[in-house]
Amino acid sequence: MRRVGAAAMALLLASVIAACFVVPGPVIRTSATVGERVAFATVDGRQVVVVAYEDYGPRMPLPPRGSGVMAIDLATGATVWDEELPDFAPGPQVIAAGDTYAYVQHAWGLVIVALEDGSVVAADEEIDGLGDEVPQGRWDNYVYDPRREAILFITEEGEVEQIPLDETAAAGVDQATHDTWWCQLGFEGGALPVTFDVTREVAEGGAVGLAPPDGAPAGLPIRRLYARGDGGGRRELAPADFYAAGLVQEVVPALPPERSCAGAEWPYRVLDHGEESRATTAGLSAGHVVVQSAIGPNDDDQLLTVVDVESGEITATVEAAGGFHAAATAPSGQVVILAEGRWNGPFGTPGGPSPTDLVVIVAEDGTTHELMVAEKGWFGL
Amino acid sequence: MTAARRRVLVAVALVVAALVAGGAAIVADGVDGPTTPSLDLAVTTIDGRDVAVVAYQHEAGGTLGRIRWVFARELTVRVAAVDLATGDHLWDRPISAAYPAVEAGVLAAGGGYAYLTTDDGLVIVDLDDGDVIARGDGVDGLGAAYLASRTASAHDAAADAVVTLTSGGAVLAIPVGGTTARPAAPDVAARWRDVLNVDDDRDLYGSESGTTSKTALTADGASLSLNTWGTRTDFFVLDTAAERYGVAAGHGAGFLVLETLDVPQSTLSVVDPATFEPAHTYRLPGSLRQAVDAPGGRVLILTENDDETGLLVVATAGGFTEFEVGEPGLLWF
């Protein structure tokens, strides 16, 4: 009798432990944050966006899963490759991608990955010329300067160094590069922080914008999308009601003017407030806008709506409950939007859905592909 | 039973008794803590008693309250009917436990109901017992078209109705004494359509620092700038001759309440409107947060005591009476 009881108890215990790996909960959980900076590249003739993410995966006290980098096909939204970064790479961001390599900056250093398959080519102290004292990656250390086609960083000794694009070794820089960058890399009081989740009501140029409907009461929270009419005035584009709405902007950090660090004093503001970045309405060059709005007048959850600015047709809607973080336009024309969605898991997560990041690709025809980053399925895989 | 076993039993019984007594003492101590009455209150009559219907924010206090804070944010918004003669709370009910706390104000009371506007929308409560009759999307005639906004509803004095803006842009009215919203009469709608749901800076709990400036006319025709909390106090007469600079209320009650600004605490006095002769004085324990005229020859004043408990001070020709706002009770839910 006692033996049967012990067996039943062991079975119960085993099934509880097994359930942890089947039922979403502390072990199986999708919770990832995508770095705001992404890069575009070509892999096997496919146009891809390379994004880096931090995967929070299981809850405490289980160890976090670490960080990853992935390439996503811009035409299909499919994952080309998805690889883990070496241990302890918090807050990873893809700062540049060339023909061969992508460069991932994180809080404590830099990782170079091969664009072909995402494998790590060199990380931190393995990078030639970086030495044992790897410069930390906070406050905009490791930035890409397209004028020089190089990744620039500052060492602990205050020397500016570079890794030319598609190379894997650090080298010194000329005086002009030093004078342009030394005061904008890697310390507080250097480069102004850039906010990427910017929206605005009216697109630059004023051709498209959100406004209250005609004759609406002053306190009405509804906005509609309008285009400037041919003979002045405005033309309603879509009859949809948007709440707490804004047009998603693509924010591009500005480069410091050449040699602007020479003679500068701390805090090194070589750009005025408001000039540290430039915002343009995402998708507008391809003929659509992305409206971020609350799903209802009394809701906080957000919705992204893609609207054609010619026909007013709504070509796609994406549930992005936590709103978007950043938007970027690919050389091939697609708009990549990083947003926070909700993961429910195979059976629905006990304790409610968990917030996790999505990569949304808006094609030039206004349709979308969505990809949940680091999504966990059965057995937490 | 051996003597040793008996001793153990006695010891266990003593420990249990001590725990029970301690627990009972903690429970009896209650959860009364700081209360902050909303500046918007309404006066009505329940069973022949004049009452103020006051919304307030309450933080759990006492030992039990501190224990409860461990598990949850023990911050609620409640509404109470306070007898203006005795200070008795006819009822005192919670309307929200949201965090951060919603702002709430009583727009009107009468005909059996009180109407509150909150950051979560309109709330209608029964004046007999404080039961919530309807709230948010549950209000008849409003439903899903409600706006979760404190400024989306107001009281229209001329029509004696609560007006509210819908998410579709219509102005609806609920007559005081009713529970159903219907399209407002054209003149009422015209008065409110561009006023409702337009953000204002009023801070109904006065918890953020900030003052409102008003210019008052003195008896001799000069103007005087006053800074007070964001109240809707009416300024009309000031006794500059006697150097009593401050708010005055009591218009039509046959007396005036003057505030004499002293540091650190002001003094209120009930004065004869003709002579400014003070008949009664009251030292304000806190800041003068609100002063409104109420029926029955009363001026209602909101302030707070040293324990941060909100006080409702009733001024009449006969003097001042202060009552604490909030009787959340033992479990207060």
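Reply:

Setting aside neighbours within four places in sequence, Val336(A) is in contact (heavy atoms within 4.5 Å) with Phe40(A), Val49(A), Leu74(A), Ala326(A), Ala327(A), Ala328(A), Val359(A), Val360(A) and Ile361(A). The model is predicted: local features need pLDDT of at least 70, side-chain atom pairs count only at pLDDT 80 or more, and totals for chains, interfaces and linings use all residues. Residues are numbered from 1 along each chain as its sequence is written, chains are lettered from A and ligands numbered from 1 in the order written, and side-chain values use heavy atoms, without hydrogens or water.

Val336(A) belongs to the largest nonpolar core, which has 23 residues. Such a core is a set of buried Ala, Val, Leu, Ile, Met, Phe, Trp, Tyr and Cys residues joined through side-chain atoms within 4.5 Å. Buried means under 20% relative accessible area, exposed over 50%, and partly exposed in between, with a 1.4 Å probe and protein chains only. The members that touch the most others are Phe40(A), Val49(A), Val51(A), Ile72(A), Val336(A), Val359(A) and Val373(A). At least two core residues each come from β1 (32–34), β3 (46–55), β4 (66–73), β22 (323–329), β23 (335–343) and β24 (354–362) of chain A. The largest contribution, three residues, is that of β3(A). Another core lies apart from this one; it has 22 residues, including Leu75(B), Val102(B), Ala104(B) and Ala114(B).

Helices (H or I, at least four residues) and strands (E, at least two) are DSSP runs numbered from the N terminus. Of the 381 residues in chain A, 49% are buried. Among its contacts between residues at least 6 apart in sequence, 52% join residues at least 24 apart.

Gln93(A), in strand β6 (residues 93–97) of chain A, counts as buried because its relative accessibility is 17%. Beyond residues up to four places away, Gln93(A) touches Gly35(A), Glu36(A), Arg37(A), Ala52(A), Tyr103(A), Val104(A) and Gln105(A). A polar atom of the Gln93(A) side chain lies 3.1 Å from the backbone nitrogen of Glu36(A). Gln302(A), in strand β20 (residues 302–308) of chain A, is buried as well, at 16% relative accessibility. In chain B, His89(B) lies in strand β5 (residues 89–96) and counts as buried at 12% relative accessibility. A polar atom of the His89(B) side chain is 2.8 Å from the backbone nitrogen of Gly326(B).

Charged pairs come next. The whole structure has 23 salt bridges over all chains, each a side-chain nitrogen of Lys or Arg within 4 Å of a carboxyl oxygen of Asp or Glu. Asp214(A) and Arg234(A) form one, with the closest N and O atoms 2.7 Å apart. This pair links distant parts of the chain, 20 residues apart: Asp214(A) is in the loop between β15 (208–211) and β16 (222–228), and Arg234(A) is in strand β17 (residues 234–253) of chain A. Asp214(A) is exposed at 64%, whereas Arg234(A) is partly exposed at 38%.

Asp145(A) and Arg147(A) form another salt bridge, at 3.2 Å from N to O. Asp145(A) is buried at 0% relative accessibility, and Arg147(A) is partly exposed at 39%.

Finally, the two chains meet. 10 residues of chain A are in contact with 13 residues of chain B. Together the chains bury about 810 Å², 55% of it on carbon and sulfur atoms; buried area is the accessible area (1.4 Å probe) that two parts lose on being put together, summed over both. On the chain A side, Pro217(A), Gly219(A) and Asn298(A) lose the most area to chain B, together 54% of what that side buries. Five residue pairs, both residues at pLDDT 80 or more, are in polar contact between the chains. A polar contact is a pair of N or O atoms within 3.5 Å; within protein, one must be able to donate a hydrogen and the other to accept it, and residues adjacent in sequence count only if both atoms are side-chain atoms.
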